[in-house]
Amino acid sequence: MNNLSQKIKNYSFTSLERFLRYVQIDTQSDPYSSRFPSTEKQKNLSIVLVDELQKMGVENAHTDEFGYVYAFLASNTTIEKPTLCFLAHIDTSPDCSGTHVKPIVHFNYQGQDLVLPDDLTQIIKANDHPDLLEQMGNDIVTASGTTLLGADNKAGVAEIMDAVHFWQSNPDVKHGPIQIVFTPDEEVGRGTEKIDLGKINAKYGYTLDGEKRGHLENETFSADSFSLIIKGVSQHPGFAKNRMESAIKIASEIITALPNKELSPESTENKEGFIHPVGIQGTVEEAKIDFILRDFDTKNLQLYGEFIISLTKEILTSYPHSTFEYEQKEQYRNMNEILVNHPECLEFALNAMKKAGLEPSLTSIRGGTDGSRLTFMGLQCPNIFAGEHAFHSKHEWVSVQDMQKATETVIYLAEEAR
Ligand SMILES: [Zn+2]
């Protein structure tokens, strides 16, 4: 056992105690707000984090008008090491209440269903959560039945804060320059909107916002939006015979003609992509359908757009006086397109997980992350597990031991990176 692993073995982790405090601060974000951050209350956690970082001796820790938290640990070694950035988000999902969260620790879990005391109909069933059955003997944190827990992503926040605490209380452990960033509004897709990359200036970034212990997510969807406008022919309905071409009916024919046994969210999994209508509005004269297009292979997005166009043309052959317009726009890209050229960024994290005693695996996310946007903004940024499960729901849970393994991973990663 080397020096560092001995020190980690002797370390009293602080992530649980931090986590229990952070989840009680309501930081729900709001998709309908146009302000930044979308809700002011997110800053309540930013202020707490800055205060705790400063008390740990990280004097430069600060928050800005947008609620971002930045803190920098200078290198304490003469060995040249790249700057690493660890990120987590402070907001919780708008899908489920985050007000008055009452976290409960279920010590020494033995495979039972977890009944949440404030609403006895809320039961986390072991059979519905295969990952829970891998937690025998561990301590599980849940909410009390009326709110989400907020492990997404306060587990990640607590794990990173604990790693900072470890370095600050073990100054003889050598590390390179380390940047810490906590972001608001990730859950509403705006987490990178006001980020100051000039302040960060790191070579490798890692979000701690993944699910299962040992997972490193290096692939996200590539995503486009596609909006289709149908221009029909409007007539007085009493005098419309052989003249009216209703844009509403044309739009509904297009929707009906979409494949639903394939290429749809309901019929795909793993690496399969889809075409998904997310909004429709219209009058007889004009109708609009908004789609999202998703695939791990970016060039398929073009094919999906062409598919919608050819379907529309085919349907319009029955409506000779109607026309259509469309616009396809990039939303985000699969971060693996960049990460594939920087295998060392993944290697450091995989090796760190091995040192923490885990069996690491590379996985993909059927969605996007702040990391996918950051990667294309110049900070390559895969996603390390934080242990959060069943997120955005009242059944959310996290294991205390997984949180500690995530902190260990961060500490070893700083040793691995070169
Ligand atoms: Zn998250």
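Analyst: A nonpolar core is a set of buried Ala, Val, Leu, Ile, Met, Phe, Trp, Tyr and Cys residues joined through side-chain atoms within 4.5 Å; buried means under 20% relative accessible area, with a 1.4 Å probe and protein chains only. The model is predicted, so local features need pLDDT of at least 70, side-chain atom pairs count only at pLDDT 80 or more, and totals for chains, interfaces and linings use all residues. Residues are numbered from 1 along each chain as its sequence is written, and side-chain values use heavy atoms, without hydrogens and water.

User: Which residues coordinate the zinc ion?
Analyst: Donors are N, O and S atoms within 2.8 Å of the metal (3.2 Å for Na, K and Ca); water is not among the atoms, so sites may look incomplete. At 2.0 to 2.6 Å, the coordinating residues are His89 through NE2, and Asp152 and Asp209 through OD atoms.

User: How far apart in sequence are the parts tied together by aspartate 152 and aspartate 209?
Analyst: Aspartate 152 is buried at 6% relative accessible area, and aspartate 209 is buried at 18%. Because aspartate 152 lies in helix 4 and aspartate 209 in strand 9 (residues 204-210), the pair ties together parts separated in sequence by 57 residues.

Terms used
Helices (H or I, at least four residues) and strands (E, at least two) are DSSP runs, numbered from the N terminus. Buried means under 20% relative accessible area, exposed over 50%, partly exposed in between (1.4 Å probe, protein chains only).
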